[in-house]
Amino acid sequence: MTIAALRAVPETVIQVAGEAFLADCSGALWWDAAQTLIVSDLHLEKGSSFAARGILLPPYDTAATFAMLDTALRRYRPRRVIALGDSFHDGGALGRIADSDRSTLTRLQAGLTWVWIEGNHDGALSGVLPGDHMARLAERGLVFVHEPGRGSSPGEIAGHYHPCAKVRGRGRGIRRRAYASDGDRLVMPAFGAYAGGLNVRDGAIEALFPRGFSAFMLGDERIYTFRQAHCLPD
């Protein structure tokens with residue numbers, strides 16, 4: 001099956017434990033019932049982290065990620081933002097962030113309830129930035145956490161794995177970031193400009209969905225939905 005064989009839609013609703021979420025092409029998730037925008041794995045200052053180790057990348061990932069986040073905030077006008085962990089690439093990221101990017105973050109947070117879920121990369125920053133800091137948030141039968149739990153976890157919305165889906169289209173493989181869900185739980189794509197991705201057919205992700213899953217692939221303007229069997233390994 002190819003991308004051309006599927007119906008592309010600009011808005012895709014994903015049901016998780018009876019709650020409806022709108023999957024956005026940016027990689028953000030909109031929860032209208034709670035007026036909440038959810039993002040995961042921003043990995044701010046990944047570029048400067050790599051530069052410190054001699055791996056030179058253009059040092060604009062934080063600004064680019066904030067620009068995408070700003071667009072999503074303007075589109076949905078949330079009352080609350082939940083950042084599902086690894087918002088910063090490491091514990092020293094705040095010491096490297098440019099003053100202009102810090103000012104942008106302050107502007108983005110203004111007037112909003114902001115929840116920072118702790119990730120494995122940014123635990124050292126817990127409580128440093130304005131907002132609520134917690135390991136997990138449970139609400140309305142849902143659990144927002146950074147790393148997916150083992151075994152059955154109905155209502156869990158997590159990040160950590162940076163899922164990507166690979167499919168065949170027009171005679172070649174196409175690999176893009178994706179949401180992965182079976183209706184009971186959902187794994188978010190990474191939102192950060194420099195964040196990499198793990199194929200949804202990797203055992204670490206497939207093990208989370210023993211009954212199978214759908215991948216909701218991010219297009220430039222639309223979301224494309226694929227069943228697990230139509231996703232290719234790397």
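How many bridges join strand β5 (residues 80-83) to β6, and do the two run parallel or antiparallel? The number is 4, and the strands run parallel. The legends below begin with these strands.

The model is predicted: local features need pLDDT of at least 70, side-chain atom pairs count only at pLDDT 80 or more, and totals for chains, interfaces and linings use all residues. Residues are numbered from 1 along each chain as its sequence is written, and side-chain values use heavy atoms, with hydrogens and water left out.

View 1. Helices (H or I, at least four residues) and strands (E, at least two) are DSSP runs, numbered from the N terminus. Two strands pair if DSSP finds at least two bridges between them. Strand β6 covers residues 113-117. Because 4 of the 5 residues of β6 are buried, the strand is largely enclosed by the rest of the structure. Buried means under 20% relative accessible area, exposed means over 50%, and partly exposed lies in between (1.4 Å probe, protein chains only).

View 2. A nonpolar core is a set of buried Ala, Val, Leu, Ile, Met, Phe, Trp, Tyr and Cys residues joined through side-chain atoms within 4.5 Å. The largest one has 24 residues, of which Leu37, Val39, Leu69, Phe88, Trp114 and Trp116 touch the most other members. At least two residues of this core come from each of β4 (36-39), α2 (61-76), β5, α4 and β6. Helix α2 supplies the largest share, 5 residues.

**View 3. Glutamine 109 in helix α4.** Helix α4 spans residues 99-109, and glutamine 109 is part of it. With 10% relative accessibility, glutamine 109 counts as buried. Its side chain reaches the backbone oxygen of proline 130 at 2.9 Å. This is a polar contact, a pair of N or O atoms within 3.5 Å; within protein, one must be able to donate a hydrogen and the other to accept it, and residues adjacent in sequence count only if both atoms are side-chain atoms. Apart from neighbours within four places in sequence, glutamine 109 is in contact (heavy atoms within 4.5 Å) with Trp114, Trp116 and Pro130.

**View 4. Arginine 211 and two aspartates.** A salt bridge is a side-chain nitrogen of Lys or Arg within 4 Å of a carboxyl oxygen of Asp or Glu. Side chains of opposite charge can pair when their charged atoms come close. Arginine 211 forms a salt bridge with aspartate 182, with the closest N and O atoms 3.9 Å apart. Arginine 211 lies in the loop between α5 (203-206) and β15 (214-218), and aspartate 182 in the loop between β12 (172-181) and β13 (186-187), so the pair ties together parts 29 residues apart in sequence. Aspartate 184 also forms a salt bridge with arginine 211, its closest N and O atoms being 2.6 Å apart. Aspartate 184 lies in the loop between β12 and β13, so this pair ties together parts that are 27 residues apart in sequence. Arginine 211 is exposed at 59% relative accessibility, whereas aspartate 182 is partly exposed at 22% and aspartate 184 is partly exposed at 33%.

**View 5. Other salt bridges.** The structure holds 10 salt bridges. One of them joins the side chains of glutamate 206 and arginine 201 (2.4 Å, N to O). Arginine 201 is partly exposed, with a relative accessible area of 28%. Asp70, Arg74 and Arg107 are linked in a network of salt bridges.

**View 6. Serine 181 in strand β12.** Serine 181 has its place in β12 and counts as buried at 5% relative accessibility. Its side chain reaches the backbone nitrogen of glycine 183 at 3.1 Å. A polar atom of the serine 181 side chain also lies 2.9 Å from the backbone oxygen of arginine 185. Beyond its neighbours within four places in sequence, the residues in contact with serine 181 include Ile14, Gln15, Leu186, Phe209 and Phe213.
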